[in-house]
Amino acid sequence: MTVRMIVLNGGSSSGKSGIVRCLQAVLPEPWMAFGVDSFVESLPAAMQNSDAGIEFKPDGDIAVGPVFRELEAAWVAGIVAMCRAGGRVIVDDVFLGGAGSQQRWIDALGDLEALWVGVRCDAAVAAGRELARGDRVTGMAELQAAVVHEGVKYDVEVDTTHTESIDCAHTIAHHLSAR
């Protein structure tokens with residue numbers, strides 16, 4: 001079976017988006033990219049900071065409600081459907097629920113094969129990136145740096161603390177070609 005999906009999991013400001021762009025440049029076939037940030041941005045304004053939707057707390061914590069989970073399941077199913085139709089997809093996600101978040105993807109994938117990638121970054125470095133970006137709630141990067149990896153099983157892990165996105169992409173591409 002051929003890998004149709006690459007799932008990158010890491011905390012906020014860990015460098016996932018840069019790796020995705022580099023993967024698209026180095027992989028020989030075209031791969032589409034979808035990220036959880038785009039999914040969140042696609043939600044109606046009423047879903048932002050609501051108990052039913054997604055709430056960004058002042059300390060950087062994030063809470064999601066039942067309507068968010070329902071829409072997220074539809075988003076995941078749609079991405080999996082693209083893979084079943086022959087597309088190749090790179091997903092940039094933040095597993096706030098650790099292993100439980102990964103399990104939602106595994107359940108949706110069924111018999112489709114995925115390459116699971118852990119994107120790690122030192123919490124202090126990620127917090128510095130978060131501050132420099134200016135578009136995140138302060139504290140998210142530090143809170144998420146370790147929790148998103150709890151109980152998650154990976155095929156390959158990269159660490160962006162001192163490694164450039166392109167080098168991480170080459171590491172991932174090598175693991176993909178070896179499967």
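**Ground rules**

I'm working on a predicted model, so to speak: local features need pLDDT of at least 70, side-chain atom pairs count only at pLDDT 80 or more, and totals for chains, interfaces and linings use all residues. Residues are numbered from 1 along each chain as its sequence is written, and side-chain values use heavy atoms, with hydrogens and water left out.

**Entry 1: overall build**

I started with the element list and got 7 helices and 7 strands. Both come from DSSP runs numbered from the N terminus: helices are H or I with at least four residues, strands are E with at least two. Read from the N terminus, the order is β-α-β-α-β-β-α-β-α-β-α-α-β-α. The radius of gyration is 16 Å, close to the 16 Å of the globule rule for 179 residues, so the chain is as compact as a globular protein of that length. For the record, that radius is taken over C-alpha atoms, and the rule is 2.2 Å times the number of residues to the power 0.38.

Along the principal axes, the C-alpha atoms fill a box of roughly 45 × 35 × 25 Å. I then looked up burial: 45% of the 179 residues are buried. The cut-offs are under 20% relative accessible area for buried, over 50% for exposed and partly exposed in between, with a 1.4 Å probe and protein chains only. Of the contacts with a separation of 6 or more, 76% come from residues 24 or more positions apart; contact here means heavy atoms within 4.5 Å.

**Entry 2: the sheet**

In what order do the strands of the open sheet run? I read S2-S5-S1-S6-S7, 5 strands with parallel pairing. Two strands pair if DSSP finds at least two bridges between them. S2 (32–35) and S7 (156–159) are the edge strands, each with a single partner, so one side of each has no neighbour in the sheet. From one strand to the next, the twist averages 20 degrees.

I zoomed in on S1 (residues 3–9) and S5 (residues 89–93), which pair in the parallel sense over 5 bridges. Asn9 has Asp93 in S5 as its bridge partner.

Next I checked helices against the sheet. H1 (residues 16–26) lies across S1, S2, S5, S6 (113–120) and S7, and runs at about 170 degrees to S5. H7 (residues 165–177) also packs on the sheet, touching S1, S6 and S7, with its direction at about 175 degrees to that of S7. The angles run from 0 to 180 degrees between N-to-C directions, with axes as lines fitted to C-alpha atoms, for helices over the stretch in contact.

**Entry 3: salt bridges**

I found 7 salt bridges in the structure. The criterion is a side-chain nitrogen of Lys or Arg within 4 Å of a carboxyl oxygen of Asp or Glu.

Arg104 and Glu72 make one of them, with the closest N and O atoms 3.8 Å apart. Arg104 sits in H4 (residues 99–109) and Glu72 in H3 (residues 66–84), 32 residues apart. Are these two buried or partly exposed? Arg104 is partly exposed at 36% relative accessible area, whereas Glu72 is buried at 11%. Arg69 joins Glu72 and Arg104 in a network of salt bridges.

Asp111 bridges to Arg84 at 3.0 Å between the closest N and O atoms. Asp111 is in the loop between H4 and S6 and Arg84 is in H3, so the pair ties together parts 27 residues apart in sequence. Arg84 is partly exposed, at 46%.

Asp155 and Arg179 come to 2.9 Å at their closest N and O atoms. Asp155 lies in the loop between H6 (140–147) and S7, and Arg179 in the segment after H7, 24 residues apart. Both ends count as partly exposed: Asp155 at 36%, Arg179 at 46%.

**Entry 4: aromatic pairs**

My search of the whole structure gave 3 aromatic pairs. Rings of Phe, Tyr and Trp (its six-membered ring) pair with centres within 6.5 Å; planes under 30 degrees apart are stacked, over 60 edge-to-face, the rest tilted.

Phe39 and Trp75 are stacked, at 5.1 Å centre to centre and 25 degrees between the planes. Phe39 is in H2 (residues 36–42) and Trp75 in H3, so the pair ties together parts 36 residues apart in sequence.

Trp75 also pairs with Trp105: the centres are 5.9 Å apart and the planes at 70 degrees, so this pair is edge-to-face. Trp105 is in H4, 30 residues from Trp75. Trp75 and Trp105 are buried, and Phe39 is buried too. Phe39, Phe68, Trp75 and Trp105 form one aromatic cluster.
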